[in-house]
Amino acid sequence: MKILKIGGSFLTNKSGYREPDPKNILMAAKTVATVWKGGIRDFILVHGAGSFGHALVLKYKIDDGITSSAQKIGYADAHAACTELSLLFVEMLIKEGVPAVSMPPALILEQKNKRIAKFDTKLVNDYLGSGYLPVLHGDMVPDSILGGSVCSGDQIVAYLGKGADFIVLATNVDGVLDDKGQVIGKISAANFPEVSKHLRKTGNDVTGGMEGKIKELLELDTASYIVNAANPERIKALMSGKKAVCTEVRK
Ligand SMILES: Nc1ncnc2c1ncn2[C@@H]1O[C@H](COP(=O)(O)OP(=O)(O)O)[C@@H](O)[C@H]1O
Ligand SMILES: [Mg+2]
């Protein structure tokens with residue numbers, strides 16, 4: 001089993017509010033469809049929430065627990081927005097001939113202080129085994145300590161990726177870049193302190209951006225590849241086990 005994640009930075013205008021990027025969503029759907037029709041079907045698709053997640057979490061101030069009724073409205077609205085984006089993507093996947101089923105994380109997992117503590121992965125694996133493409137996404141999810149919390153697509157990737165063959169994360173840059181804009185070929189625990197000097201914080205991001213992503217991936221024994229979603233050939237190559245321009249992250 002493999003994991004493919006498409007970043008919210010690619011599917012949406014991340015600095016906007018609930019703003020999809022229809023051209024990019026279509027491009028991502030066509031890329032996934034080509035992989036699927038090429039016979040690679042043993043994968044789970046995860047996508048980020050982009051401006052359907054981060055912007056609402058900041059607006060409603062729901063990043064550190066849900067207590068007030070205004071925050072419950074915020075939780076509900078942010079969850080609705082995340083599923084809205086997922087359905088936009090899923091509808092395009094279905095039009096491209098992929099039997100994609102959106103599986104909102106709010107309904108199948110629970111966190112404990114912002115980390116996944118329970119996850120009904122059987123449901124996901126059953127869909128996969130029956131020939132569907134399970135689609136999960138960054139979402140607001142129940143939290144046994146905080147009432148509710150943000151679960152990033154990257155955290156879902158890290159959780160499901162533990163037993164995976166490999167993980168492909170498509171985003172809006174060619175990979176992790178150094179200060180000259182060159183793609184860093186490999187990141188491991190050994191060079192991460194050096195690499196982290198090149199990581200810039202992005203304002204409109206509640207899940208740690210590129211740094212958060214790499215930290216999640218460095219916890220795993222599975223290899224992962226950060227690649228540009230604007231370059232479908234690279235994603236297709238990596239999903240077929242071939243090489244392409246990307247950053248490999250491996251413990
Ligand atoms: N050194 C770096 N190399 C590449 N991207 C970086 C770097 N530092 C910060 N970033 C930012 O990280 C972003 C990708 O992370 P993020 O927005 O969380 O993507 P995603 O939506 O795929 O999770 C890039 O768009 C870029 O702005
Ligand atoms: Mg991100």
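Student: What makes strand S6 (residues 133–137) mostly covered?

Tutor: Five of its five residues are buried, a term for residues with 20 or more other C-beta atoms within 10 Å of their own, as against exposed (12 or fewer) and partly exposed (in between), with C-beta atoms placed from the backbone. The model is predicted: local features need pLDDT of at least 70 and side-chain atom pairs pLDDT 80 or more, while totals for chains, interfaces and linings use all residues. Residues are numbered from 1 along each chain as its sequence is written, and chains are lettered from A and ligands numbered from 1 in the order written.

Student: How do you know that both faces of S6 are covered?

Tutor: Side chains in a regular strand alternate between the two faces of the sheet. Leu 133, Val 135 and His 137 lie on one side and Pro 134 and Leu 136 on the other, and all are buried.

Student: Why is S2 (residues 43–47) said to pair with S6?

Tutor: Pairing requires at least two DSSP bridges; three join S2 to S6, so the parallel strands qualify. His 47 stands opposite His 137 in S6.

Student: Which strand also pairs with S6 in the parallel sense?

Tutor: Strand S3 (residues 100–102) does, over three bridges. Ser 102 has Val 135 of S6 as its bridge partner.

Conventions:
Helix = DSSP H or I, 4+ residues; strand = E, 2+ residues; numbered from the N terminus.
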